[in-house]
Amino acid sequence: MSPPGAALDSQADAAALRAAWSNRRGFYGWITEVDHKSIGKRYIVTAFVFLLLAGIEALLMRLQLSRPENGFLDPDLYNQVFTMHGTTMMFLFATPVMEGFGLYFVPLMVGTRNVAFPRLAAFSYWMYLFGGIFLYAGFVTNTGADAGWFAYVPLSGPEFSPGKRVDFWAQMITFTEISALSTAVDLIVTILRMRAPGMSLSRMPLYVWAMLVQSFMIVFAMPAVMLASSMLLADRTVGTHFFNPGETADPLLWQHLFWFFGHPEVYIIFIPALGMISSIIETFARRPVFGYPAMTLSLIATAFMGFGLWAHHMFTTGLPPATEAFFTAASIMIAIPSGVQVFCWLATLWSGDICWSTALRFVLAFFALFVAGGLTGVMIASVPFDTQAHDTFFIVAHFHYVLIGGAVFPLLGAVYYWFPKFTGRLLSERLGRLNFWVTFVGFNLTFFPMHYLGLKGMPRRVYTYTPEMGWGALNLLATCGAAILAMGGLLFLGNVFWSMTSRRTAGNNPWAAATLEWAADSPPEPYSFQELPAVSSREPMWSEAHDLAHVTGLAEDRRQTLVTSTVSARPQHRYSLPGPTLWPLLAALAVSSAFVGSVFRPIWVIYGAILTFFALLGWFWPKDYWE
Amino acid sequence: MTADFQSALHPAGPQSDQIALVWWILLAVSTAVMVGVPGMLAAAIRRRRVSNGQSSERRLARAVGLAVGITSVVLAGLFAASLAVGKRINSYRDPNGLKIAVTGNQWWWEVRYRTTSPNEGFTTANEIHLPVGRGAHIELRSNDVIHSFWVPNLHGKMDAIPGRVNTVWLKADRPGEFRGQCAEFCGLQHAHMALWVVVEPPDAFEHWRRGQIEPSHEPAPGSDEERGREAFLSLPCGLCHAVRGTAAFGQVAPDLTHLATRRAVAAGALPNTRGHLGGWIVDSQRIKPGNRMPPMAVPAASLPVLLTYLESLK
């Protein structure tokens, strides 16, 4: 029973919270925004724009390869296009889109009002955006990177890649890695210290576990590639010899540094997708995911093992046999935690009560596509077989099955699943079903024939091939598949735009799901929760939905939230978060000036550092919101 | 449909044979899994729902445990099989084997047959001949960027890395002509960096080897061939190419001493015919954009005799 006047009080509370958490409208409001939901959405939209660009690049490549000795793209442009495609997909789409979902949903799922460091989140987005714009500014001015997304030295070094193309690429790496590191740190602290009271580690949703594990992987993996890209840039701009074989440097150093990042990167993309799958399966199987401890341990095991297999990208470089055996064993072993998760999901579906939806369809496709990609992964873990498959279209097929089947299908499922939370509207299920089947068929037509092409001798990254090789027919089939896949993409976009204007609202919890993000409004208010929730189970919206306990005693006139203990989430103290500010943007501009300037004149490292100092001075200037 | 002369599925030597065996084992296991997992998924979705609480959770745990156990055993088996085959491939040696140094260049392969007696060694390009049944020890180097030496019918690939020497043993069990192609992205013309491996009976190989050791064919005085040689030597060709027995001794482009014996020109980009050769000399940048051969302003009158000379280099 609510006391009389409770509704009025509640309205007054909401008004006070809205005043404290809103930002001014217009352009200035947009560039000073620090709300995790706005930044998360920006991340996701920007990433999908880059996906569109990378998709167009893929279609250009498929057109060029559709018949032997095609003259559609010359080798110079082809090399730029395939480099841009790989780079965009890995650095500007896959990682950032996962970060964007994390920024949006982690605070909602753990029941807090913003990320731990809102300004860092804003800074991270600006760095990502500027890095992407920088790379594409190069591409449209005939300075597109052309040494591959892996940029092996010495091909990417000053001698064999003169000009600025590779400089743009290397510096873009640094931009996006700083952005990813910032977000990772932000999410780790949010997850460990800002969970709703009662949400002990063992009650955390599996998606939050996945983001925690992924964020730690970023912290350990990204510095390796930032170091490598900076060393490459130093080789190219100030004449160091980190990778110059003429000065007895070993080109393999680059490969070790790159793949020490590059292999974990695959799991950095893939692990959040596993979290999405768990969320979706739990909701549509109407029961908690089977084997919660096994699921979390598998995520952690995958992360640890993910750092022990980088050299399987280097089986043809002449590694010692003992090294090869170690990396083969590690590469095969990582299939076990993946297997555990697949079987746990199967058990969940087996014992659950299945409700069909487009989101679930995309996730079920994962079981066929990811298993296929995982199996070819086990194949190429075998050194003898890998010496045949390495750097052929077999590998192209393999990693598209893993990354599209394993991450993009669940991601599209996640968009269908969470779209009502973003927008308050449901995506059309009928268009969704069409979207799914067209995408599924197009994907398999594109990539399945590539397995065979690789075994029949077609290497990767070739801009053409002669007719007598006999690769023409299957390449044409793959190109037709790509056209169908592109139609799937258009259907998806069409569905998003069409549904956004639909009048039917979704309600706060349209799927009757279990986790806390569904306790917030759709779309959520800037403060997310009028009262911070407190939980006493893993599925609060199922077990406690009608009587969700909440926290009282937080100030409403400022952006205040609660800090809880790391393991058991006991309330510890109140914590006020900063509001809208221009400093993250200014800091990102200052750091960008150093990065962009140093490509042309090394002295800009110093100028940029001075500018960054002043930006950080403004950023950290004592303010009153810390009471 | 697809050709068999550059295919991992048509082994012609003991190593590629072993690798193909690994492939068929892996494919068999994978096929079983690809039927099994979606099958389980279909069963999970379609089954009739009868829920009986705790006991069913325990049964599920047992089923998941069993599935993980089977997965682990199968993976361990695959690991053992892969290791065993790898060991067998790596331990192959032929004390009587040929020694060949293969060097990757942007975008062609230099091939040097090395022997203990200096007058028996020779250099050629983009073509390796092997006698059936006799091993060849290949030393891989690179003069510029990383390349990868790959003749799928005979063996898996091995990288040629500047500053390093990688080695690999090749052996062929049956005669045939097999194509290989650079498998590590190496710049503009990565697509056109092929080589041919010609496997022939021992006496045919010996005949070829003897021929390659010889200096270049000496044209008859006053012939078209001789005029062609003069044209060759007066053009800048010899700055990059070598023709043993003449003043052309450039070392940065393919050795042309026995050009006419080779199957292809431009590292596999064109068949070695008079027409293609002429087109290549006059406008190589159109055929293989970015390649290191500059455009040649060959006087119209010289081209036919130049081609006649090059065709005589048997």
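## Contacts between the chains

Between chain A and chain B, 19 residue pairs are in polar contact, both residues having pLDDT 80 or more. A polar contact is a pair of N or O atoms within 3.5 Å; within protein, one must be able to donate a hydrogen and the other to accept it, and residues adjacent in sequence count only if both atoms are side-chain atoms. On the side of chain A that touches chain B, the elements giving two or more residues are helices H4 (75-110), H8 (252-284), H10 (321-333), H11 (335-351), H12 (358-381), H13 (383-389), H15 (429-455) and H16 (472-500) of chain A. H11(A) gives the most to that side, with 11 residues. Helices (H or I, at least four residues) and strands (E, at least two) are DSSP runs, numbered from the N terminus. By class, this side of chain A has 50 nonpolar, 19 polar and 11 charged residues. Here Ala, Val, Leu, Ile, Met, Phe, Trp, Tyr, Cys and Pro count as nonpolar, Asp, Glu, Lys and Arg as charged, and the others, Gly among them, as polar.

This is a predicted model: local features need pLDDT of at least 70, side-chain atom pairs count only at pLDDT 80 or more, and totals for chains, interfaces and linings use all residues. Residues are numbered from 1 along each chain as its sequence is written, chains are lettered from A and ligands numbered from 1 in the order in which they are written, and side-chain values use heavy atoms, with hydrogens and water left out.

## Buried area and salt bridges

In total, 80 residues of chain A are in contact (heavy atoms within 4.5 Å) with 74 residues of chain B. The two chains bury about 6400 Å² between them, and carbon and sulfur atoms give 71% of this area. In chain A, the residues that lose the most area to chain B are A:Phe343, A:Trp350 and A:Gln388, together 11% of what that side buries. Buried area is the accessible area (1.4 Å probe) that two parts lose on being put together, summed over both.

The rule finds four salt bridges across the interface of chain A and chain B. A salt bridge is a side-chain nitrogen of Lys or Arg within 4 Å of a carboxyl oxygen of Asp or Glu. B:Arg164 forms a salt bridge with A:Asp250, with the closest N and O atoms 2.5 Å apart.

## Shape of each chain

Chain A contains 19 helices and four strands. Its C-alpha atoms fill a box of roughly 85 × 60 × 50 Å along the principal axes. The radius of gyration of chain A is 25 Å, which agrees with the value near 25 Å for a compact globule of 627 residues. This radius is taken over C-alpha atoms, and the globule rule is 2.2 Å times the number of residues to the power 0.38.

Chain B has seven helices and 12 strands. Its C-alpha trace spans about 100 × 45 × 35 Å along the principal axes. The radius of gyration of chain B is 27 Å, whereas a compact globule of 314 residues would have one near 20 Å. An automatic or database domain assignment gives chain B domain 1 (3-90) and domain 2 (224-311). The centres of these two domains, taken over C-alpha atoms, are 53 Å apart.

## Backbone exceptions

Most residues other than glycine have a negative phi, and most peptide bonds are trans. The peptide bond from A:Val153 to A:Pro154 is cis, with omega near 0°; A:Pro154 is in the loop between helix H5 (118-140) and helix H6 (165-193) of chain A.
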